Amino acid sequence: MSKVYAVVSRPGPVEADILDELGSGVPPFEVKRRGAAGVALRILQGGSGPPLVLLHGRGHAASSWLPLLPALARTHRVIAVDLPGFGHSAWPPFPARAPEDITEGSTGSCTPGEAPEDARGDVEEALRFFVEPVEALLCDLGLDEAPLVGHSLGGFCALEIALRRRARPRWLGLLAPMGLGPEMSALGRAYFLLGPERAAGRAASALFSLAGARAASPTARRLDALHAELAAVSDGRRDAARAFRVLAPALGPVPHRRERLQEIDAEVVLLWGEHDALLPAPLGIAAAAMLPRATLHVMRRGHAPHHEAPDEVLQRLAPMLAR
């Protein structure tokens, strides 16, 4: 029997309040745990109808989709997943070398020929860390054709799942996704190198706010409190943070799949914030030109448009959601 990596953790008071609200909503959401590829993942599920899978960004959790969940669940069976090592999901061990042990430039593009063989191995291990348990979950639950909506790191995971073709999502909704090109701003590298788990909540929030416009709404403030709570863990999410830093190195080109975008046979909706200072909008413009079937919407937002303008995001996704 293969080893199962489990984790026992409970939501903090901020997230517990959000989960209570979602659990008593119409339709209600419920928290479940599912083992996949030997890793116990937490999912947040609600609604009925065609399935739709949501993948969050670095350091967040399924509950981070709060602004979109009630509306999506009126027409879809929504499954929001805690990525391995984040939220309250377990994680596999990460065997790759720590980023500080990797020489400058050695974590370049994922495309063969652009980085030394051992460096590509580190990148592939980092992608497997996040992708394989999610991919196994989709196949185990019969969600292998379900559309994927991913933000930042979650967008990279959705892209990778589509490229691996074990699951074949009908369409992708990518919100400021990683993985589309080798560029990342100095601010983005600094933020990810610092890591929200290694900074005081206010300091991390202040740095992240520089990434673009943030709505000063009660929901936005609630999400800030949620993310600060998720970051306050004793071990700093060590394995997940190390795997992520391979995908967002302090120096050199950022791992990406730009040369393979033409292989994506699903329709893609790209949503990007004009004021996103972590992953600048030109990345999305270049990717949209390379993807066979892509629609790009550049919004007057920052790195997390679904937090800043959920109604606008739902409007942009509406044509795909209606199919």
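Author: Before we start, a definition: two residues are in contact when they have heavy atoms within 4.5 Å of each other. Please also keep in mind that what stands above is a predicted model.

Reader: With that definition, which residues is alanine 250 in contact with, leaving aside its neighbours within four places in sequence?

Author: Once those neighbours are set aside, alanine 250 is in contact with Arg189 and Leu193. Alanine 250 belongs to the loop between H8 and S7, and its C-alpha atom is separated by 9.2 Å from that of glycine 188, although the two are 62 residues apart along the chain.

Reader: Does alanine 250 count as buried or exposed, or as something in between?

Author: Buried means under 20% relative accessible area and exposed means over 50%. Alanine 250 has a relative accessibility of 39%, and therefore counts as partly exposed.

Reader: Where is arginine 237 found, and why does it count as buried?

Author: Arginine 237 is found in the loop between H7 and helix H8 (238-247), and it counts as buried because its relative accessibility is 11%. Its side chain has a polar atom 3.4 Å from the backbone oxygen of glycine 85, and a polar atom of that side chain also lies 3.3 Å from the backbone oxygen of glycine 87.

Reader: How should I read the sheet, and what is the order of its strands?

Author: Strands of a sheet pair through backbone hydrogen bonds, and the pairing is either parallel or antiparallel. Here eight strands form an open sheet with mixed pairing, in the order S1-S2-S4-S3-S5-S6-S7-S8. Strand S1 (29-36) and strand S8 (294-299) stand at the edges with a single partner strand each, so one side of each has no neighbour in the sheet. From one strand to the next, the twist averages 20°.

Reader: Which strands are joined to S4 by bridges?

Author: Strand S2 (residues 39-46) is joined to S4 by four bridges, and these two strands run antiparallel; within this pairing, glycine 46 has valine 78 as its bridge partner in S4. Strand S3 (residues 51-55) pairs with S4 in the parallel sense over five bridges, with valine 81 of S4 as the bridge partner of leucine 55. Strand S4 (residues 77-81) is largely enclosed by the rest of the structure, because four of its five residues are buried.

Reader: How many bridges pair S3 with strand S5, and which helix lies across these strands?

Author: Three bridges pair S3 with strand S5 (residues 148-151) in the parallel sense, and leucine 54 stands opposite valine 149 in S5. Helix H4 (residues 153-164) lies across S3, S5 and strand S6 (171-175), and runs at about 140° to S5. Helix H9 (residues 282-290) also packs on the sheet, where it touches strand S7 (267-273) and S8, and its direction makes about 165° with that of S7.

Methods. Residues numbered from 1 in each chain as written. Predicted model: local features only at pLDDT ≥ 70, side-chain atom pairs only at ≥ 80, totals over all residues. Heavy atoms only, no water. Buried < 20%, exposed > 50% of the residue type's maximum accessible area, 1.4 Å probe, protein only. Pairing = 2+ DSSP bridges. Polar contact = N/O pair within 3.5 Å; in protein donor to acceptor, adjacent residues only side chain to side chain. Axes fitted to C-alpha atoms, helices over the stretch in contact; angles between N-to-C directions.
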